[in-house]
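Visitor: Could you take me through one part of this structure up close? I'd like to look at the place where the chains touch.

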Amino acid sequence: MTAPMKLALGPLLYFWPRESVLDFYAEAAAWPVDTVYLGETVCPRRRELRLEDWLAIGESLAARGKEVVLSTYELIESDADLRTMHAVADNGAFRVEANDMAAVRALAGRMPFVAGPFLNVYNAATLAVLADLGASRWVTPVELSREGVAAVAAEAPAGIETEVFAWGRLPLAVSARCFTARYYDLTKDHCELRCIGHPEGLAVDTQDGKPFLVLNGVQTQSASPQSLAGDLGGARAAGVTHLRLSPQPHGTGEVAAVFRAAADGALSPGEASARLAKLHAVPACDGYWRGTAGIAPAQAGHA
Amino acid sequence: MAQAAAPEAPARRLKLVCPAGTPPALKIAVDQGADDVYLGFKDETNARNFAGLNFDERSLREGIDYAHRKGAQVLLALNTFPQPATWRKWQSAVDRAAALGVDAIIVADTGLLAYASRTHPALRLHLSVQGSATSHEAINFHHERFGIRRAVLPRVLSVEQAEKVVSRTPVEIEVFGFGSLSIMVEGRCALSSYATGESPNTHGGCSPARAVRWQETPRGLESRLGGVLIDRFAAADHPGYPTLCRGRFVVNGDTYYPFEEPTSLNTLELLPRLQAMGVAAIKIEGRQRSPVYVQTVTRVWREAIDACARERERFRVRPAWQEALAGISEGRQCTLGAYHRPWK
């Protein structure tokens, strides 16, 4: 038998006050997650926590038996961004998730790293390059279907772990522009860090009143959480070793509990999906996983 | 190859890279003085996979022949991301490109870059804008690993940032000069596939036409993409194509363009700066645009680049150029995009 799938708490994508972040990870230490990704990945202007703070959180989580990974920015623009990325890459304590090729270059051949979801690993040839440089795990791009994941994983070098985005609002796009600042008619350099007032981002609805997207600073997310809870058997069969759960301000511990139970077979796909549905105002989606439009409603319990 | 090497040309004259969506556009671009033309095969291996566009092997062979006789180079875009089921199609596209004698291929996918550099070491590689390399370190990674000779900068950097990149890499840098403006980092946007199942990364097109629906309603003309309401127009409005990031949506009761208003990029006035900082090439967007567009934009930019090479800091943008470009811009409003950041 293969080992049970592990749960990974993805990096916090929103901007929360320092105390909220510390409280969140203090709680997370008790959740049934195996891996915790830490660090700021979205916007370099968000500096409630410094690298030292993330390392301290990492140490306390590691002491509770969690695997800790530090994530790099998904978009690097300035010299300061590069310096921060290098500081993360050289942290000396924890494995690093590389989210752009500059980070891959900084880590290549030096230590095992996680190939993050923004590296666009759509095929086995790309994964082979990254594995050759030291990637020990890859996080699939959100667009890759179950069949695509399975095909890449099947050809992956031995021992490479495969992580999919199993729960949460999908990070769909990143820009040099800040859409939260734009909403407030502020410029990016004088954004007043307004996104700290939106712990779940700013909801974008269509003109006919349907929840569609979420503005999270320079990042745009789906309004629907993607949920693979209905097809964890399929995920396992596809070679998935890690299920990524994306932090939200409320209910993330319950999400972890549901996924743990579902992955262990203690909850049916239908039961798991029903419990998750209570945690989010917008119904879940899983279209990408099924090879269609990402927004397509999740099919609870599909085989 | 370009036999007509221009001995008098200044060493740093910017190359003009023009879109060739079709064989007629290729001829027009070459005739109007493009240094490079870029094009794609008729399939999803390139990021402008639209009906009626692009080249089969025969038209590509003729196009290469035409361009080479006039001293222009042909760059083939293979800038989408092959998936396991379609990997061989992309691989074979690289092989065909090499066999046909294109002057370079423009590639985004890491695995495909590795394949091309290993299998066709003499084939010149350009890193596509879809490769999302926004720093000199990311560009140098591709240089060190795959020997890329040129990189196209994502349309997100300021002039100052672009200048730093240019000064720290041996790779030629190509920047966007004119055309439709992408608000998201290229290669990092899945908005289109979220609504429709197809994106630039996976299918070579954003907001695909097959997913577009127009409907007259009592509230106005509605445009939908994959069933999602993108915009609603009153009679006086000019309805634009429902590209997702140019839609009007509602945030906390405010209906506005949360991402961007329809505008075009136009960097003519930055030419002296781009030339002085050592940018190698200026790219004109628009393989999906008409031959008239290609003719106008190539003629204007050829004149402007030549004038800039002669006049350097005395260079001034001619009103006639701006007038001609304004007539073919989407949204009829031009901006300097990220190069100059009014939104910073």
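Guide: Here is a walk through the interface of chain B and chain A. This is a predicted model, where local features need pLDDT of at least 70, side-chain atom pairs count only at pLDDT 80 or more, and totals for chains, interfaces and linings use all residues. Residues are numbered from 1 along each chain as its sequence is written, chains are lettered from A and ligands numbered from 1 in the order in which they are written, and side-chain values use heavy atoms, with hydrogens and water left out.

Okay, let's start with the overall numbers. Chain B puts 65 residues into the contact and chain A puts in 64, where contact means heavy atoms within 4.5 Å. About 5,400 Å² is buried between the two chains, and carbon and sulfur atoms give 58% of that; buried area is the accessible area (1.4 Å probe) that two parts lose on being put together, summed over both.

Now for the charged pairs. Chain B and chain A share 4 salt bridges, each a side-chain nitrogen of Lys or Arg within 4 Å of a carboxyl oxygen of Asp or Glu. The side chains of B:R168 and A:D79 meet in a salt bridge, at 2.8 Å from N to O. On the side of chain B that touches chain A, helix α5 (residues 136–146) of chain B gives the most, with 9 residues. Helices (H or I, at least four residues) and strands (E, at least two) are DSSP runs, numbered from the N terminus.

Strands meet here too. Strand β7 (residues 161–175) of chain A and strand β8 (residues 184–189) of chain B run antiparallel, joined by 2 bridges; two strands pair if DSSP finds at least two bridges between them. In β8(B), B:C189 is the bridge partner of A:A173.

Finally, look at the rings. Over all chains there are 15 aromatic pairs, meaning rings of Phe, Tyr and Trp (its six-membered ring) with centres within 6.5 Å; planes under 30 degrees apart count as stacked, over 60 as edge-to-face and the rest as tilted. A:F212 and B:F249 make a tilted pair, 5.5 Å centre to centre with 45° between the planes. This pair crosses between chains, from strand β9 (residues 211–216) of chain A to strand β12 (residues 249–251) of chain B.
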